[in-house]
Amino acid sequence: MSCPPASVPRRLLPVVVAAALAAGAVMPRAHAGETLVAVAANFTAAAQEIGAAFTEATGHTVTFSFGSTGKLYAQISHGAPFDAFLAADAARPEKAEAEGHAVPGSRFPYALGRIVLYSADPALVDDGGAVLEAPEAFGRLAIANPVTAPYGAAALEALEALDVLDQVRPKLVQGDSIAQTLQFVTTGNAPLGFVALSQVAGHEDGSRWLVPQNLYAPIRQDAVLLKHGADNDAAHAFLDYLQGPDAAAIMDRYGYGQSER
Amino acid sequence: MSGEMWDAVWLTATLAAIVTVLLLVVATPIAWWLARSRSPVKEVVGALVTLPLVLPPTVLGFYLLVAFSPNSPLGQGIAAVFGQGLPFTFEGLVVASVIHSLPFAVQPIRNAFEAIGDRPLEVAATLRASPWDAFWTVAVPLARPGFLAGAVLGFAHTVGEFGVVLMIGGNIPGETKVLSIAIYDYVETLQWTQAHILAAGMLGFSFVVLLAMRLIEKRLGWGTGR
């Protein structure tokens, strides 16, 4: 009895699929690679835009994992498979290098962060931050966890420099990262909070006060190549791209300063 | 242990105790109705009450955050009545935990009520007990194992709650920084010693609670077969 015609392709199907998979495995564009990069939460929007431009320019794919700098560092120190680390401070990349998680000498500053006192309410924050001197006027003040998020530490420093820390301390609520801090403020659950300029640079809503640079130590954000990515071409290419003019133009738009570059 | 760690332990115990009492108050009538009603919407309500059991805590945290927000009518109503909103407050954690732990209390109590069957209550009625009397003198004593299980599970689940608290708590020491959040913070900041102390404490506590529940059931002859 002869086989019905339909059964032939069906029997061949696994072979076809296997052949296609094998071809796919050996055929990808000769130099297109993939890399996984740990990125501090404040840099989320800029990183996504830079990543898209990077892929267009080089053909490499970059995937980001976002979190607070301290949390990402804890993951890196326990073997997380990140190829590079874009921190929100200079201390963690330095520590990564000192503790042998990073490639020595690969560290460089990529951005300078600024903090903003921000409220979704257009009338709450004045230009000068005087609202902080009247804590009874607002219920809660959101900051990022100062232990894990450098932007939270900068916020505490600014509050101290303004001499209002003791008054506002009972009002503080902490976001797990600067991303959650902005979420608290945007939803109105916290009337105001200290967020990263980059998070609110793209729009004009609400009210804001760009905290003067003399009230806190500059937030120098360093990047470093991790041991896991030492032999990854795509990781090297991404860090090169980050230091190039295209990335700089994107960062400018998000309000990152670039001194020391 | 540091003062900060004791704060977290005390706060968590207080929260779980308050939530457990509220759970018994809220869950008992719901469980009774679910066990005795012949209403067609009974299973719909049953499924609604069970939802927190299967939903990721982030779903509940997200909805609570939106619902309690000062921008929402509910959030404005709460703020108007109580003078403050719920997010970032101890009271907010109590409300969230009661919702989140509700199925853990309702289910065992409902099962216990259902296991009683109609007969004992019918007998009580022939002895001229009012339904209210029969409930307190017949149903509740017979359902003791369900109440114990519901209370213990509700308490333990509140102690172990993390996702919802992370989303609506704001990590305020002495107010919303419960044990699970404190452990998370210690791990994230590489303070292993503190993390170990609290984590081991939780492990021991959870084991003792479950073991004690079984032993009490046995001791009092509440288990099956007697």
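**View 1. Contacts and burial in chain A of a predicted model.** Among the contacts in chain A that join residues at least 6 apart in sequence, 80% link residues at least 24 apart, where two residues are in contact if their C-beta atoms, placed from the backbone, lie within 7 Å. Of the 261 residues in chain A, 46% are buried, a residue being buried if 20 or more other C-beta atoms lie within 10 Å of its own. The model is predicted, with local features needing pLDDT of at least 70 and side-chain atom pairs counted only at pLDDT 80 or more, while totals for chains, interfaces and linings use all residues. Residues are numbered from 1 along each chain as its sequence is written, and chains are lettered from A and ligands numbered from 1 in the order in which they are written.

**View 2. The open sheet of chain A.** Five strands of chain A form an open sheet with mixed pairing, in the order β7-β6-β8-β5-β9; strands (E, at least two residues) and helices (H or I, at least four) are DSSP runs numbered from the N terminus, and two strands pair if DSSP finds at least two bridges between them. Because β7 (172–175) and β9 (207–210) of chain A stand at the edges with a single partner strand each, one side of each has no neighbour in the sheet.

**View 3. Strands β5 and β8 of chain A.** Strand β5 (residues 115–119) and strand β8 (residues 192–196) of chain A pair in the antiparallel sense over four bridges. Ile115(A) has Ala196(A) in β8(A) as its bridge partner.

Key: Buried ≥ 20, exposed ≤ 12 C-beta atoms within 10 Å, placed from the backbone.
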